[in-house]
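Subject: Handover of a structure and notes on it

Dear colleague,

Please find below the structure that I am handing over to you. My notes on it follow.

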Amino acid sequence: MATSYDAIIIGARCAGSPTGMLLARKGYRVLVVDRATFPSDTVSTHIVQPLAAAALARWGVLDRLIATGCPPIHTYSFDFGPFTITGAPGTKEASVAYCPRRIVLDKLLVDAAAEAGAEVREGFMVEELLFEEGRVVGIRGHSRGGGIVTERARVVVGADGWHSVVSAAVQPERYNEKPPLLAAYYSYWSGLPIDGRFEIYVRPHRGFGAAPTHDGLTLIIGGWPQSEFAANKHDVEGNFLKMLDLVPVFAERVRGARREARFAGASLPNYFHKPYGPGWVLVGDAGYIKDSITAQGINDAFRDAERCAIALDNWFAGARPFDEAMRDYQRERDEHVMPMYEFTCQMAAMEPPPPEMQQLFGAIHGNQVAMDSFVQMNAGTISPAQFFAPENISRIMAAAPIA
Ligand SMILES: Cc1cc2nc3c(=O)[nH]c(=O)nc-3n(C[C@H](O)[C@H](O)[C@H](O)COP(=O)(O)OP(=O)(O)OC[C@H]3O[C@@H](n4cnc5c(N)ncnc54)[C@H](O)[C@@H]3O)c2cc1C
C-alpha cells in the first residue's frame, strides 16, 4: 500500500503544530491530528519565555499573539524574603516574555500549521500505532463518532504530551528519571494589576508566581512539596491562600481581587525518553518532561519542533540516514536542556537554599548586571551551566560589597 504522508504528527499544541508547520513549509505532506478541537484549553500555565517568543517571531506568529492583546512581560522579580532580585529576562533581540492563555496560543499554532499546508484533523483520537516488521508505519484512530481509519506515513511524530500514545506503544528508553517533586496549582484573578512583571516569591517549602495574561487577568501559580500533596489536596484553596499569607503584602493585594476560575493543578514527573526509533520520533513533553517550576516546557517544545523538523528534512531529502540525523537531535536536546533539568529539579524540591547559595543571592542583589543574568538564567535565556560557571560566580562574589 502506498504511504500517504511524509509525517503524521499526533498532538497539535506547542510541540506538534510547529513541527507540522515547519515540515509543511518545506513542502512535505503532513497530517497533524489531535483529539481536542481548537480553541482548547489544557492544564498548564503559560509563561512563554523570551526565547520561545523569539521562535514565535521567526515563525510569523508573534505579531498575531500580540494582536490578541497579550501583555508583554519585561521584568521578573524573585522575592526571597530578606531581599528581591529584579531583572530583565531576555536579550536585546528577544527582550520580553508573554503569558498567553493556552486557549489562545495553541489555536494560533494550529492555524499556522494549517496555513503552511499541513492537513489538520481536530477531534481525531489515535487509538494505536500501525507496525510492520517492527517499524511504525502509521496510525489507527477515529474522529468523534466516526469509524476506525488507518493513515500511513514515513514517520509518526509523538507530540502527544506526557501520556503519549506513541511512547506507550514503542516503550522508549527512559533515563535521568526523578520522582514528582512538586504539587502545583493555579487560577486567575481580576483586579490584581501586575503590569509587565512576573513576580516570584520563594519561601521555605513554598513558592508562587504571578503574571499578567489576557483579558486583564493575573495568573497565580504556586505549590508545595509533593510529600504534602496528600495532606493538602482536600483543601487546595485554603492551603493556597495560606501560602500567599507568607507574603502579607501580596496576600493583601489578592484579598482585594477576585478569583475568576477554578483551581487547576498537576504534579509532573521528571525524565527523558530516547526520542526516536524505527518509524517514530518524539517532540515536546512526550520526549522530555520536567517539573513546571522553571516554566520551560513551551520553550523546549518549540526548540524540539525546530530541531526535529531540520533532522527529518535531512532524512527525507536523503542528505542523512534517519538514525544519524535523529542521534544528533537527541544529543543536541540533551546537551542543551540538562543543566536546566538539574536546576529545575533542585528548585522543585523547595528546600531552603544552602548557606553558600544564600551568600551568592546576597552578592547578586543590588548588582544589576548579575541580577539580569540571574533572571535570564531562570528564564532559560542563558544556561545554568553558564551562570554557575566558577569564573562567573567568582566575578559576582568579587563585585559584592564586603559585609
Ligand atoms: C501546571 C503546569 C504549569 C506549566 N507551566 C508552564 C509555563 O508557565 N511555561 C511553560 O513553558 N510550560 C509550562 N508547563 C509545561 C507545558 O504545559 C508543556 O511543556 C507543554 O504543554 C508541552 O507541549 P506538548 O505539545 O509537548 O504537549 P501537550 O501540550 O500536552 O499537547 C499534547 C496534545 O496531544 C494530544 N493527544 C494526546 N494523545 C492523543 C491521542 N491519542 N490522539 C490524539 N491526540 C492526542 C492532546 O489532546 C494534546 O492536545 C506547565 C505544565 C503544567 C502541568
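**The second largest pocket**

In this predicted model, 19 residues line the second largest pocket, and those nearest its centre are Leu51, Asn299, Arg303, His336 and Gly380. The volume of this pocket is about 260 Å³. Three helices each contribute at least two residues to its lining: H2 (50–59), H9 (297–316) and H10 (322–348). Of these, H9 gives the largest share of the lining, with five residues. Sorted by class, the lining of the second largest pocket consists of nine nonpolar, six polar and four charged residues.

**The ligand and its surroundings**

Which residues come nearest to the ligand? There are 29 residues around the ligand, and Arg13, Asp34, Ser44, Thr45 and Ile298 are the nearest of them. By class, this shell holds 14 nonpolar, nine polar and six charged residues. Strand S8 (124–132) supplies at least two residues of the shell, and so does helix H9, the helix that also gives five residues to the lining of the second largest pocket. The largest share of the shell, three residues, is that of S8.

At Ile47, a polar backbone atom is 2.9 Å from an oxygen atom of the ligand. At Gly297, a backbone N or O atom lies 3.2 Å from a ligand oxygen atom. On its own, the ligand has 1000 Å² of accessible area, of which the protein covers 93%.

**Salt bridges**

Side chains of opposite charge can pair when their charged atoms come close. How many salt bridges does a search of the whole structure find? The search gives 30 salt bridges.

**Two details of the backbone**

The loop between S2 and H2 also contains Pro39. The peptide bond that joins Phe38 and Pro39 is cis, with omega at about 5°.

A further point concerns Glu133, which is located in the loop between S8 and strand S9 (135–143). What is phi of Glu133 near? Phi of this residue is near 50°, a positive value in a residue other than glycine.

With kind regards

Notes. Residues are numbered from 1 along each chain as its sequence is written. This is a predicted model: local features need pLDDT of at least 70, side-chain atom pairs count only at pLDDT 80 or more; totals for chains, interfaces and linings use all residues. Side-chain values use heavy atoms; hydrogens and water are left out. On a 1 Å grid over the protein atoms alone, a cavity is a set of points where a 1.4 Å probe fits but cannot get out, and a pocket is an open set with protein on both sides within 12 Å along at least five of seven lines; lining residues have an atom within 4 Å of a point. Grid points are joined across faces, edges and corners, and a volume is the space filled by probe spheres set on the points. Helices (H or I, at least four residues) and strands (E, at least two) are DSSP runs, numbered from the N terminus. Ala, Val, Leu, Ile, Met, Phe, Trp, Tyr, Cys and Pro count as nonpolar, Asp, Glu, Lys and Arg as charged, and the others, Gly among them, as polar. A residue is near a molecule or strand if one of its heavy atoms lies within 4 Å of it. A polar contact is a pair of N or O atoms within 3.5 Å; within protein, one must be able to donate a hydrogen and the other to accept it, and residues adjacent in sequence count only if both atoms are side-chain atoms. Accessible areas come from the Shrake-Rupley method with a 1.4 Å probe; for residues, only the protein chains shown count as cover. A salt bridge is a side-chain nitrogen of Lys or Arg within 4 Å of a carboxyl oxygen of Asp or Glu.
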